[in-house]
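Please examine the sequence and the structure before reading the solutions.

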Amino acid sequence: MNISVKNLEISTHKTDCHVVAVYQGNKLTESAKQLDSASNGYLKTVIKRGDITGKLNQTLLLHDIEGISAQRVLLVGCGKAKELTANQFRSLIKHVATQLHRYKLKDSALFLADIHLKDLDQEWKIKHISQVMTQSLYRYNKTLSSNNSKPVLKKITLHSAKKDTKIANAAKIGQAVANGMAVTRELGNLPGNICTPGFLASEAKKIGRQYGIKVSVLNEKQMETLKMGSLLSVSRGSRQPAKLIVFEYKGATKAGNPIALVGKGVTFDSGGISIKPGAAMDEMKFDMCGAASVFGVMRSLGELKPKINVVGVVGATENLPDGLATKPGDVVTSMSGQTIEVLNTDAEGRLVLCDALTYTEKFKPKAVIDIATLTGACVIALGKQGAGLLGNDQKLVDKLLTAGQTAADRAWQLPLWEEYQDQLKSNFADMANIGGREAGTITAACFLSRFAKKFKWAHLDIAGVAWDSGGNKGATGRPVPLLIEYILSEATRK
Ligand code: BES
Ligand code: MN
Ligand code: ZN
């Protein structure tokens, strides 16, 4: 889709459809005022008749308005002036996109950036309009014999009275974030019999070739040589060989220390010998969404080319039971040399991540963020609203919290107090891989923290936010927006 930002003349600009916001009550947005005067008071007449009151997300499609060159004008209610929240604004944009797709429109001008939002500037609004509109184009089709109808929208122009390079850039960023999210969603949605560790490795190479990002893949033999006994203990029960996938995005001219993203890529989590109950087990195909978010970020970076270095490390494996599978009570030795008693084979994410974290040391990263659908406990604690966030460096955690807030992709910090570490005590190894029923998200992070001593590290538990269940079952593309927001803020800071 072609997206541009322009200072548009509402009466003479030609499109299939202009979209203009209407407040509840009598106040008009700047664009609505211009529409009204260009159409000789027609807008006010329509409002007076009561067909649209301006209630949030209400729409009214008008045709062939005199004095307006656009074929149609879609009015959209944006609620009481000055009361709209950031998330309501984003859901309004999503609603507009649905309407434009429904009428099979190809070309539209959105006069929506003049809606007043408290504390949010033009740049923010343009970025999010661009992102949400682009997100609305994604359809899953890979394993359907008759395709979901693809939107035909080809071109949108975002009206902005204020125009500078920052604002034009904001539209590009929004689009790149959504394009990255589409990669993340597609990989997440693909079934486990297609999206295997080997499949992820070949998709990574594709992204690498397409965007000039270095990608290397370690096979099980190479991981054995590196003594990744913990990661390999998870793949023992699977016929699909595990892969360690490494992206190296080099946007900084000098050899600057990179930000490292480490993703959990369990392409199907049956629980292993500690097998899961059957209900909703299909959703464990989404257990590679942390990895998929690393892929999505790489895709976005490839498009935006910011001046910063970022590495992505993905541990990809299945977790299945068979005669060779790791058993409860087995003790494995991680790449760090620390031994682990596997009390529950369903706590496999941390076993994968710990070796991936140790491997990441070789890049001398200035910050490491791991992203993982790690614990059901996190879904219980935070639901679908925010990712769990824990870390060993408060400055890094604060930056990620801020990035999530700005990107409308929130995270919420949980404590990583030393006292929780006691729950991981084992009589037979340096640590157990589970910490009991209490504080499951925190003890999982405690486990990871023992492999993150050599760098500033934060952990995003995305078990609640990575996918939706029920009728809208599907990957969400989170937390790509948060991660891109953080990376770009680091790139401009210098
Ligand atoms: N992939 C799951 C976590 C998960 C479960 C995410 C449900 C989203 C929805 C993870 O590998 C897992 O099984 N964790 C266990 C840990 C437990 C055995 C300590 C869990 O959360 O039950
Ligand atoms: Mn599990
Ligand atoms: Zn898992």
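Donors are N, O and S atoms within 2.8 Å of the metal. The structure is a predicted model.

**Exercise 1.** Identify the protein donors of the manganese ion (ligand 2) and state how they are spaced along the chain.

*Solution.* 

**Exercise 2.** Determine which residues coordinate the zinc ion (ligand 3) and which parts of the chain Lys 264 and Glu 348 tie together.

*Solution.* 
Step 1. Lys 264 belongs to strand S9 (residues 259-269), while Glu 348 lies in the loop between strand S12 (339-341) and helix H10 (349-360), so the pair ties together parts that are 84 residues apart in sequence.
Step 2. Lys 264 and Glu 348 are both buried.

**Exercise 3.** Classify the geometry of the two metal sites, and find the residue that coordinates both ions.

*Solution.* 
Step 1. Six donors count as octahedral if opposite donors are over 155 degrees apart and all others between 65 and 115; anything else is irregular.
Step 2. Around the manganese ion (ligand 2), the six donor atoms subtend angles of 72 to 169°, and the arrangement is irregular.
Step 3. At the zinc ion (ligand 3), the six donor atoms give angles of 78 to 176°, and the site is octahedral.
Step 4. The two ions are 3.2 Å apart, with Asp 269 coordinating both.

**Exercise 4.** State how many cavities of 30 Å³ or more the structure holds, and describe their linings.

*Solution.* 
Step 1. Two such cavities are found in a search of the whole structure.
Step 2. The largest cavity holds about 80 Å³ of space, and its lining includes Ser 233, Ile 273 and Glu 348.
Step 3. Six nonpolar, five polar and one charged residues make up that lining.
Step 4. The second largest cavity holds about 50 Å³; its lining has five nonpolar, one polar and two charged residues.
Step 5. Helix H4 (122-135), helix H5 (165-189) and helix H14 (480-493) each supply at least two residues of the lining of the second largest cavity, and H14 gives the largest share, three residues.

Definitions and conventions. Residues numbered from 1 in each chain as written. Chains lettered and ligands numbered in written order. Predicted model: local features only at pLDDT ≥ 70, side-chain atom pairs only at ≥ 80, totals over all residues. Heavy atoms only, no water. Tetrahedral: all angles 85-135°; square planar, octahedral: opposite > 155°, others 65-115°. 1 Å grid on protein atoms, 1.4 Å probe; cavity = no way out; pocket = protein on both sides within 12 Å on 5 of 7 lines; lining within 4 Å. Points joined across faces, edges and corners; volume = space filled by probe spheres on them. Nonpolar A, V, L, I, M, F, W, Y, C, P; charged D, E, K, R; others polar. Helix = DSSP H or I, 4+ residues; strand = E, 2+ residues; numbered from the N terminus. Buried < 20%, exposed > 50% of the residue type's maximum accessible area, 1.4 Å probe, protein only.
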